[in-house]
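These are my notebook entries on one structure. I set down what I looked up, step by step.

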Amino acid sequence: YKPGEGMIGQAFMNKKRTVITHEKTSEPLVDLGLGKKNPQNLAIVPFSFENHVVGVMEIGSVNEFSPLQLQFIDLAVQDLALAIITLSSHIKLQELLSQTQEQAKILEVQQEELRQTNEELQEQTEALKHSEENLQTQQEELKVTNEELEERTKALEIQRDAIKRKN
């Protein structure tokens, strides 16, 4: 039922218990164990928590409800409302916990990927550093070789000039 629709919907909207006494009813049969009988009285009871209707319960009876029974029903629905709110909160908490655990798993995977990426970057940095050292060593060797070649070239030029003077 939707709020306001039928007796149950009206009880939901009004937030008040309604007791209906019927001579004849089309309500479902009440199973008494030894037989079935149509309820002659109905109590339509909304149950609320902190002034918020949680649900509506329809109770059928083959006898008229006594004031004590109605008082009991009113007290019982308060506990029922609290139980439903507690259950609803527990379900929501379980969903949030599950969601948090899933996010934690995703975060753990991302952290592992980040750690691996950092390791790879560190290895690449080490490789670049080693390559730079090799290049620097090669550059120094080339400089020494160039200096030696320049000295040889000068020595050969001196020898050539000397040979030209002799000839």
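Predicted model: local features only at pLDDT ≥ 70, side-chain atom pairs only at ≥ 80, totals over all residues.

Entry 1. Which residue forms a salt bridge with arginine 115, and how far apart are the closest N and O atoms? The partner I found is glutamate 112, and the closest N and O atoms are 2.4 Å apart. I then looked up where the two residues lie. Both belong to helix 2, and they are 3 residues apart, about one turn of the helix.

Entry 2. I looked for a further salt bridge of arginine 115. The side chain of glutamate 119 meets that of arginine 115 in a salt bridge, with an N to O distance of 2.2 Å. Glutamate 119 and arginine 115 are separated by about one helical turn, because they are 4 residues apart in helix 2.

Entry 3. Arginine 115 has a relative accessibility of 38%, so it counts as partly exposed. Glutamate 112, with a relative accessible area of 34%, is partly exposed. Glutamate 119, at 37%, is also partly exposed.

Entry 4. I looked up the number of salt bridges and found a count of 4. One of them joins the side chains of arginine 160 and aspartate 161, at 3.7 Å from N to O. Arginine 160 is partly exposed at 44% relative accessibility. Aspartate 161 is partly exposed as well, at 31%.

Entry 5. I turned to the nonpolar residues. Which residues make up the largest nonpolar core? I listed 8 residues: Ala43, Val45, Phe47, Phe65, Leu70, Ile73, Val77 and Ala81. Strand 4 (41-49) and helix 2 (67-166) are the elements that give two or more residues to this core. Helix 2 supplies the largest share, 4 residues. As general background, I noted that nonpolar side chains tend to be buried together in soluble globular proteins.

Entry 6. I examined one member of this core in detail. What does leucine 70 touch, if residues up to four places away in sequence are not counted? I found Arg17, Val19 and Phe65. I also recorded a second, separate core of 5 residues, among them Ala11, Ile20, Leu42 and Ile44.

Key:
Residues numbered from 1 in each chain as written. Heavy atoms only, no water. Core = buried A, V, L, I, M, F, W, Y, C linked by side-chain atoms within 4.5 Å. Buried < 20%, exposed > 50% of the residue type's maximum accessible area, 1.4 Å probe, protein only. Contact = heavy atoms within 4.5 Å.
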